[in-house]
Amino acid sequence: MRLYDSLTQNKREFIPRDGDHVTMYFCGPTVYNYVHLGNARPYVLSLVAKRYFESLGWSVTLVENITDIDDRIIAKAQAEGRTAKEVAEEFAAAYIEDTNQLGLGRPDMEPYATDHIAEIIDLVQRLIENGHAYVAVNGDVYYKVASFDTYGKLSKQRIEEMRHGARIDPGEDKADPLDFVLWKAAKPGEPAWESPWGLGRPGWHIECSAMGLKYLGEGFDIHGGGRDLIFPHHENEIAQSEGALGTDFVRFWVHNGMLNTKDEKMSKSVGNIFLLREALREYRPEVLVCFFVSSHYRSPIEFSKESLAKAGRQIERLRNVFRALADYTGSTADEVAPRAPQAMVDAPAGSASGDEALAEAVEAARRGFEQAMAEDLNTGGALGEVFMLAREVNSALGRRDVSVAAMASARDALTDMVFVLGLDAVARVGEEVPEEVLQLAADRRRAREERNFAEADRLRDAIAARGFEVRDVPGGFKVVPRQV
RNA sequence: GGCGCCGUGGCCGAGUGGCUGAGGCACGGGUCUGCAAAACCCGAUACACCGGUUCGAUUCCGGUCGGCGCCUCCA
C-alpha cells in the first residue's frame, strides 16, 4: 500500500519495518475534560488503519497514550479543589467509556504518562548527556532547540522565523525563547516525582517520545495524530527522540485533518465543541464512524447536523441490504445474532448467469475496495465500492436469479468491507422483534388480503407506535426497528 | 508576514492527461404497491479564475482569488 508521510510530504510505498508486523503510535488525549467529536477522528483513523493492515495479513501493535499529567489537569484540579490524579482518573475513564461505544475495539496498549516517569527521566538524562538539554537554575530542564540541526523539519519552519515574536514567559528560565521544557520543577501543591534535578514532573511532549520508544522501539512505522499536533508537539517529539537516539524516530508521520464547525476548527479553546458522549446520545455509533470514513482522513471535514443525518441515511441503506441478504440466505455472516423470523418470503430461485454476474460484481467491489484502501487509506472511495456492490445485490435480490450460495458470498464480501471501515454494526441485523409486533404484522397481512385497508393501516400505526416499521415484500412482509 | 493543505455538479464526496464524469443524499420521471416504506431503472446540472506545457488538462506547471490549519494550549 501507499501512505502519505507528512515529513517528506509525499506518498510512498508502505512496508512495515518488521516484515509483516506494523508498529503504530497515535497521540491520545490529555485527560482534563471529556473528548469531543474532533478528538475522535484520530482515534477512528488509527483503528480503521489497524483493521485494514490486519486485513492484509499483517499484525499490528497500536499504542495510544493517555497523558494524565499536564498543566491543564493541574489547573482543573486546583479550580475544583481536587487532586490532579482524581481529575485524570475521572476523564481517562470517561474517555475509555466514550470511545468504547464507537465499537471499534481498543488499541493494543494505552499507556499512562505517570506510569513512565522512570523512562521519561532516563530520556531527559540522555539528552542532557548528549548536550541537547540543560538544567536551569530554577530546576527546570529545557531542550536546547539550537542544538538540533533539523529542528523544524516536520512543520517546515525555520528556526530564525520562529524566533521572531517568540518570548520567554514569566516563570520560565530558558536560555533561548525557542527552547521547550522537558521537566518542570515542582511548585507547591503540584504533583511531583523525584528526579536527578529535584522534585518535578514531565513537560508535555516527552511522554510520547518515552512511551513510543519503549513499546515500539526506534524507527517505528507510523506515528499519527491531528494536524494541529505537527507543531509543536510532534516537532518536539522528533527533536527529543532523535536527539537522544541519533537515529530516525519514525518512518511515516500520519496526520488527520481537522473537524470544523462553520469553517472553524472544533476546539476546546474556541468553545464550539460537540462532545463525543453527547453525539453518542443522538446518533448511533456507526453513524459517527460513517461520517468520519466517508471522507479522506487528511481533508478537513465540516461538522453539521445535516452531515450526520446524511451518514444516518447511508447507514440505514447498508443495514437494509444486510437485512435483505439475511432473509435471502437465511443466515447472517456472523453467527452471533440468530435471525428472528421477520420475513415470510418465497424461496430463492437462482440461475447460472445470475450467479456469474454477481460473482463478477463481488470481485470488482473487492478489488476496488482494496485499491482505494491501498492508496493512502482512501476510505471514501472504499465506501463507494460498498455501495456499488450493495446496489448490485439489491438488484439481484429483486430479480431472484441468484443462488443462496452466490448471495452468501456477496454478503461475506460486504461484511468484510464494512468491518474494515469500522461499520460492522450494520451487518448485525438479527434484530429482535417482539412476538406481539410480529402478530400485529401477521394480522395486518390478513387484513390486506381481505382488502380491509383501514384495518391494515391501523395495524401499521400500532406497529409504528411500538417502534417498528412494517414493509411489504413480495409474498410477505418484513418488520424492522424504526431508525433513530 | 512565514510555512503547509485545499477549492469537483443542489449538497456531501472519490477520481483521472483523452475512453461511458465513483458513490451517497436531495430533486424529477418510471417500475413495484390498496397506500406507504424499502428496492430497482432512467434523468439534468461539475471540475474557482487566468495563463503555460501538450495533438489534447478537471488532472502537470506558474500566477490570481477564496477557504482552512500551524507559527501560542489544541486531535
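A polar contact here is a pair of N or O atoms within 3.5 Å. I kept that cut-off beside me while going through this predicted model.

I started with Asn378: an N or O atom of its side chain is 2.6 Å from a sugar or linking oxygen of RNA strand B, so the pair falls within the 3.5 Å limit. Next I looked for side chains at the bases. Arg460 has a side-chain N or O atom 2.6 Å from a base oxygen, and for Arg448 I noted 3.4 Å to a base nitrogen.

**RNA strand B, surroundings.** By type I got twelve nonpolar, 25 polar and 21 charged. Helix 12 (residues 379-399) supplies the largest share of this surface, with eight residues.

**Aromatic rings.** I moved on to the rings and found 15 aromatic pairs in the whole structure. One of them is Phe291 with Phe292, a tilted pair at 5.5 Å centre to centre and 50 degrees between the planes. Are these two buried or exposed? Phe291 has 7% relative accessibility, so I logged it as buried; Phe292 is buried too, at 5%.

I also traced a cluster in which ring pairs link Phe14, Tyr52, Phe53, Trp58 and Phe252. Arg12 lies over the face of Phe252, 4.1 Å from the ring centre. Last entry: Arg298 lies over the face of Tyr4, at 3.9 Å from the ring centre.

Notes. Residues numbered from 1 in each chain as written. Chains lettered and ligands numbered in written order. Predicted model: local features only at pLDDT ≥ 70, side-chain atom pairs only at ≥ 80, totals over all residues. Heavy atoms only, no water. Phe/Tyr/Trp six-rings, centres within 6.5 Å; stacked < 30°, edge-to-face > 60°. Buried < 20%, exposed > 50% of the residue type's maximum accessible area, 1.4 Å probe, protein only. Lys NZ or Arg CZ within 6 Å of the ring centre and 35° of its normal. Polar contact = N/O pair within 3.5 Å; in protein donor to acceptor, adjacent residues only side chain to side chain. Helix = DSSP H or I, 4+ residues; strand = E, 2+ residues; numbered from the N terminus. Nonpolar A, V, L, I, M, F, W, Y, C, P; charged D, E, K, R; others polar.
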